Amino acid sequence: MQYPLPERIGEPELFTGRTKELKLFDEWIKKIPKRLSKSRVILARRKSGKTAIVQRIFNRLWSENRDVIPFYYNIPERKMWFPDFAIEYYRIFASQFISFLEKDESFIRKPLTLNQIREYGQTKSIEMLVHDPDSLIEYKNMGSYDLMWQMSCAAPHYYAGLLDRRFLVILDEFQNVSTMIYRDEKCESAHDATIPGSWHELSESKIAPMLVTGSYPGWMMNLISEYFEGGRLKITAFSPYLEPDEGLQCAYNYLEYYDVPVTNQNAFLINRLCMSDPFFISCVVGSDYYKKT
């Protein structure tokens, strides 16, 4: 397996367990080519492993699955001007799409510019990869920022339909989109809190379903009730805690990678103390406390 998307967990071998969750998502992904999979949302507190699992899903699809094309976008916790957000979203989508086609991970780690995307589209005779960069530039020059965003946001669904392919749209930390996008270039006036509504209809797509994560369940539930009513996003239960045997294996892995003496007693006590929570296991094993060994 390859890891074109650098996983936030660090060394890929540190990813431990999640057998039940991966099985659930594997079954869900298998149904995407048949247009049977409904968009989902994972709700759990920060540092619970949401990003680890969706990044692993992306890398597995990129490496092993030719039927479903993954698109991963982490919605940044920083202020962004509306047209810049539209261009960034499209660039990352198009770059990951091209990366999947070419099996070149460099396009994921360093997204292509609009001009580079256009050149690729011309070379490979993929008309939408020529048309869309031109349209984004034209719309920006015209000040038609809503048209820019509508095209960028709908791109995975639009491409899936035109190419008769299936996409998986992974949006990590979705709640940030409701507070970080500004209509003024200096990002000084009130943010546009209605941006989540852009995915209202797209969340019902069966050719490009969504997998969304959110770190603030209350906040996310408010967004879901306002913009994704009627069960458009199926809530997926997600616990920060591993199964006890998975937690024990996690403790062994971290002890080994941090060069801490690996003993059955150490691993058992750390796993029990941390309640099989990978984040807390990593904190304990990686502690700077001088007497920890």
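The model is predicted, so local features require pLDDT of at least 70 and side-chain atom pairs pLDDT 80 or more, while totals for chains, interfaces and linings use all residues. Residues are numbered from 1 along each chain as its sequence is written, and side-chain values use heavy atoms, without hydrogens and water.

**Cavity**

One cavity of 30 Å³ or more is found in a search of the whole structure. A cavity is a set of points, on a 1 Å grid over the protein atoms alone, where a 1.4 Å probe fits but cannot get out, and lining residues have an atom within 4 Å of a point. The largest cavity holds about 50 Å³, the volume being the space filled by probe spheres set on points joined across faces, edges and corners. Its lining consists of Tyr89, Cys153, Pro156, His157, Val169, Trp199, Leu202, Ala208 and Met210.

**Helix pair**

Helices are DSSP runs (H or I, at least four residues) numbered from the N terminus.

| Property of the α5 and α6 pair | Value |
|---|---|
| Helix α5 | residues 114–124 |
| Helix α6 | residues 128–142 |
| Packing angle | about 150° |
| Axis separation | 7 Å |

Axes are lines fitted to C-alpha atoms over the stretch in contact, and angles run from 0 to 180 degrees between N-to-C directions. The two helices α5 and α6 are therefore roughly antiparallel (an angle over 145 degrees). In contact (heavy atoms within 4.5 Å), Leu114, Ile117, Arg118, Tyr120, Gly121 and Gln122 of α5 meet Leu129, Val130, Pro133, Asp134, Leu136 and Ile137 of α6.

How values were computed. On a 1 Å grid over the protein atoms alone, a cavity is a set of points where a 1.4 Å probe fits but cannot get out, and a pocket is an open set with protein on both sides within 12 Å along at least five of seven lines; lining residues have an atom within 4 Å of a point. Angles under 35 degrees count as roughly parallel, over 145 as roughly antiparallel, 65 to 115 as roughly perpendicular and the rest as oblique.
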